[in-house]
Structures are given as structure tokens and as C-alpha cells.
Amino acid sequence: MRKFLAGAIAATTFFAGASAHADQPREWETGFQAPATDMMRQIEWFGNYTMWFIVPITILVLCLLAYCILKFRASVNPVPSKTSHNTLIEVIWTVGPVVILLCIAIPSFQLLTAQYTPPEDAKLTVKATGNQWNWDYEYQTENTISFNSAILQEADRAAAGKEDRKIYPRLLAVDNEMVVPVNTMTRVLVTATDVIHSFAMPSFGIKMDAVPGRTNETWFKADKEGLYYGQCSQLCGKDHAFMPIAIRVVSDAQFKSWLAEAKTNLPGANKALMAEVDGQNKVAAAGN
């Protein structure tokens, strides 16, 4: 089963190479966002895998219900059958679910173990603190830097250079994104100052509760550059719907330049990074 799971994930990774380098919620979306980490690809594979059990079981139950309703309705079956203790049927409906549960449980436990077992030591640690209703980020580097990240107000779009709603969508864009380097094991320490929040990033396959007085830990290793969006996923008060999370994944060189400038001039560092990233995207688009 482990080899089968690894092979399926590898195939998913291969075909995912042509997908967009970032993703966000879209209207009428029914599936997962495009994965940006190997962990999210495993979650996506497991979701598709379980559908091979869910769909047949649902159809089988529907057919059995329809058969019973039509076959044994009072108008055609006035005298109910008193047959009981069919050994074959009892064995089937006992052994069948056990086998199905085993087929689901084994890869499920493997996935759960992988989520709590980072494959390597973290190279970057960021502390995310949830507030009503914004996030504080603290980079635990040689010279610690910290800043607040809140939802971008519509009146501030022009000043922030974030007028393109396709890149900076309403209710998801923030004033200061968390910036991390690509292909870097990143540890996120999650806590809160007031009520329970939840740090969730769908494209990364992470969701960790932020509990006051307690520090939880999660991790990710993004392998695609881009701007990714999530939201607080724990009801935390009247502005819960206005507490987005934005993570910008950039190259290692871009991250080092941003980090060096952000220590003294965060707005300038963000604008310089945006200009460089947007310039690269325009060149890439022109080349296509």
C-alpha cells in the first residue's frame, strides 16, 4: 500500500507541473485549490482515492432503497415476509465494511503520520499570532523582525499598489503578506492573544488552531513560487470573515533581499519585492 501511495503521489506531482504557480478560492469551486506542497498532493490523492469507495457505496444504498420501496410496498406485498437470519448476507455486510475500512484506514494513518513528521529540519521559523481580527508574524531569524498583517482596505489599494483584483482579490488581500523562500522547510508556531483562531492555507495542506496560552506547530515546504491565500478557519467573532492569510513564496535570493530591507523598512521591502515579482510575471507572460 505504501508503494502504491507513493506512486500515485508521484504521478499527481508530474501532472501538476503544468498548473498555475499560485491559486486562490474561485466561484463555484468544488475541488481543492492547486497544490503547492507535496503534503497537499497527498491530501488531494487521498480525497480522490476515497471517492472510489464513497460513490459505489452511495449508488448501492440508493439502489437497495429503491428496490425495497418498489418490491415490498404495501400495494404489491400485503403480507410482509418473516424471513430472518440469512447467514450469507450477514457475513457479507460484516466482512465487506471491515475490508473497506481497512483500505481507507491504512493510507489515512500514513497521511496523518506524514503531517506530523517533517522530513527534514526547519530552515525558517515564523511565529503566527492570531488577534481579533488580524495576524502578527514574527520571523525568528538572526535579527528578529515582526509585523502585523490585516485585510487590505479598499481605500488603500492604490497606495499599496494592489489594484489588480485578480492577484489581490477582495476580502483575501492583505496589507503585509508573510514572505517565505521556495523549496524551504518552514516551521510555523501558531498561537493567539484573545480567542481561538485557526491558521489555514489550503494550497499548502495545513490547518492549525491558534489557542491562547498555547503554542501549536505546523510546517510546510512550498515548491512553487506565487501568492497564496487562506483564512482563519475557526469562528472567532463578528469579523471572522475578514481575517485572511496571505503567503508570498519567492526565490531564495528575493527572500534574502526582502528580509534584509524589511528589518528597517517593511513597506519599502514589500513594494520592491512586488515590483520584482510583477516584472518577472510580465516577462514570463510575454514569452508565452
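Biologist: What percentage of the 288 residues in the protein chain is buried?

Modeller: This is a predicted model, where local features need pLDDT of at least 70, side-chain atom pairs count only at pLDDT 80 or more, and totals for chains, interfaces and linings use all residues. Residues are numbered from 1 along each chain as its sequence is written, and side-chain values use heavy atoms, with hydrogens and water left out. "Buried" means under 20% relative accessible area, "exposed" means over 50%, and "partly exposed" sits in between (1.4 Å probe, protein chains only). Of the 288 residues in the protein chain, the buried part comes to 39%.

Biologist: How many helices and strands does the protein chain have?

Modeller: We take them from DSSP runs numbered from the N terminus: helices are H or I with at least four residues, strands are E with at least two. One of the helices is α1 (2-16), and one of the strands is β1 (residues 124-131). For the protein chain, that gives six helices and ten strands.

Biologist: Among contacts between residues at least 6 apart in sequence, what percentage joins residues at least 24 apart?

Modeller: A contact means heavy atoms within 4.5 Å. Take the contacts in the protein chain between residues at least 6 apart in sequence, then pick out those joining residues at least 24 apart: they make up 68%.

Biologist: Is Gly130 buried or exposed?

Modeller: Gly130 sits in strand β1. Leaving aside neighbours within four places in sequence, it is in contact with Trp135, Thr191, Ala192, Thr193, Asp194, His197 and Met243. Because its relative accessible area is 0%, Gly130 counts as buried.

Biologist: Which residue's backbone oxygen does the side chain of Lys162 reach?

Modeller: Lys162 lies in the loop between α4 (157-160) and β4 (178-181), and it's buried because its relative accessible area is 1%. Not counting residues up to four places away in sequence, Lys162 touches Leu152, Arg157, Tyr168, Val174, Asp175, Asn176, Glu177 and Met274. At 3.2 Å, its side chain reaches the backbone oxygen of Asp175.

Biologist: Where is Leu171, which has a positive phi?

Modeller: Phi of Leu171 is near 75 degrees, and Leu171 isn't a glycine. With a relative accessible area of 31%, the residue is partly exposed. Leu171 is in the loop between α4 and β4.

Biologist: What is the phi of Trp28 near?

Modeller: Trp28 lies in the loop between α1 and α2. It counts as exposed because its relative accessibility is 82%. Its phi is positive in a residue other than glycine, near 60 degrees.

Technical notes:
Polar contact = N/O pair within 3.5 Å; in protein donor to acceptor, adjacent residues only side chain to side chain.
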